[in-house]
Every structure is written in structure tokens, then in C-alpha cells.
Amino acid sequence: MRLTSAGLLLHRSASQILRDVELARQGVMAEGKHLTGDVIIGATPSVVALSGAQLINACMEELPRVKPRFLEGYSAYLQNWVVTGAVDVAFVNGLQPDTPRLSCERIAVERLFAISAPGAFEQHSSGITLEHLLQSRLLLPSANNPIRALIDKAASGIGARVEVMLEIDSVGLLKDLAHQGIAPAVLPYGAIKREVESGFLSACPITEPEVRSDLNLLYLTDRPPTRVAFAVIALFVDILRQIVDGNVQHGFVEISPSRFLGQRVKNPKAELPKR
């Protein structure tokens, strides 16, 4: 059996209605002494790799009655998942929504890194200039990816041209090909943290100019995050601050809690447990 086009439309609408009912139930329960409920979080591979496990552990410790669930995907897919209600909120790299149905709040700013085979950047310990990087053909995502748009815009700003060897819309394949030395690639540090630490890849921040990507929070304008979702978001921001304060390599240059987060912090009903 296969759904007709009308059946697919009904399924999407019914799924959204059921999700709204569940969120309303959670909202009522959250007014009690303890935050209770689930939240579905969309996130890019770099966010999941850098902080996903820490966020789950923090929720288990501080919000034991909250059940977070991650859905991993590229930023463009995540935007669609927020619109369709597949996720409650999403953390995306460098993407601004193309519909007024979505609200966008900047959480952090991070640098992008050139990645290649082990030892490839020994002469660029403090960073590789964009002009020097663009002398090589690159492995990059396709044109609808925010990272690709940032590289194209930065190249245009210095009057240079981006030569693409291959367009790869798979983070895993991109890293494997970079490891083989086929060509350099560009990713946020979170996406390659484990591979750099294990020696599988080498990474170098892009400089002159730095290529920076906003890490944004997306949610439906007419359905802002619930208290449960906000509590998880606040833990995530705290994890980012700990990463920045720690003496470890990372790509973040700024942690900037949004106006939305600031307003919710002032709400005594949204107070988090003491750490």
C-alpha cells in the first residue's frame, strides 16, 4: 500500500497536530516542580560530534526527567525539518531562514578550518591564508550548503576564485578523501575534532581573512521553544562556554546568547537547577 498525494498531506498535517498536542501536554507538566518531557533537536554533524554526548550527559545529570533526541543533518535539511515539525529546534551553521515562519537566534560564531592529510599544514602552524588555500582545488559541499556560500563570499572579497575538485555532500566522505590527500577540504572544527586528535587528519584555521560561520538556533516563529527545550538549549550554551574556556583547540571566537535566551533567563519560571 502507498499513500496518495492527499494521504501524504493528511499524514503531514496529522503529525503536526499530534506533535502540538504533545507539546501542550509537556507545557502543562513543566509548570510543576520538575521539568518533564522530551525535545527533538536537529543539529549539524559538527555540533553533534563536538558536544552531542556532553549535552546528553548534562541532561541526564541536571534534567533527569527530560528526554532529548538528536536528528543529525545538513543545515538546509534541518531548516525543512523545523518547518515540518520533525524537530522542535535546530542548531545550524551559517544559515539564515528563507521563510518568515522561522525565527533565527545566533548562539555562537566559529572559524572554519582547512583540513587535509596528516602533516599537510606543518608550515602553517598559526593558520593558512585564504589566498594560499585557494591556490589548491578544494573538496567542498554543493552550492546550497552554507559553508560553500561562506567560502565563495570570502574568495570574492579578496578577488580570488574557488576551484572545486569535487562537490561532496557527505561529511564522512569529505574527511576520507581529505585524509587520502586528494585535495584540502573546509569544515568547522567540531566536525573533525576526533580525527585531528587521533592523527587521521590535520587541520588549520583559515586566516586573512578568517572565514567565520554563525551557529544559529532555528525554531518556528509561532511555536517558540518550550520550557523543556529552553532548558536543554541553555545547557548547550553552557557546554560551548566550557569548551571556549578550556585549554583545548576549537573554532569558536564568540559565544553570544541570543536576545531570546536572555529574555527567558529573566523569567523565574525558567530557572535552571544550580550547577
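User: What counts as a salt bridge here?
Analyst: A salt bridge is a side-chain nitrogen of Lys or Arg within 4 Å of a carboxyl oxygen of Asp or Glu. The model is predicted, so local features need pLDDT of at least 70 and side-chain atom pairs count only at pLDDT 80 or more, while totals for chains, interfaces and linings use all residues. Residues are numbered from 1 along each chain as its sequence is written, and side-chain values use heavy atoms, with hydrogens and water left out.

User: How many salt bridges does that rule give?
Analyst: The count is 10 salt bridges.

User: Which residue does R106 pair with?
Analyst: R106 forms a salt bridge with D214, at 4.0 Å from N to O. R106 lies in strand β4 (residues 102–116) and D214 in strand β10 (residues 212–220), so the pair links distant parts of the chain, 108 residues apart. Strands (E, at least two residues) and helices (H or I, at least four) are DSSP runs, numbered from the N terminus.

User: Which residues make up the network with R106?
Analyst: Salt bridges link R106, D214 and E254 in a network.

User: How far apart are R148 and D152 in the helix?
Analyst: They are four residues apart in helix α5 (residues 146–157), which means a separation of about one helical turn.
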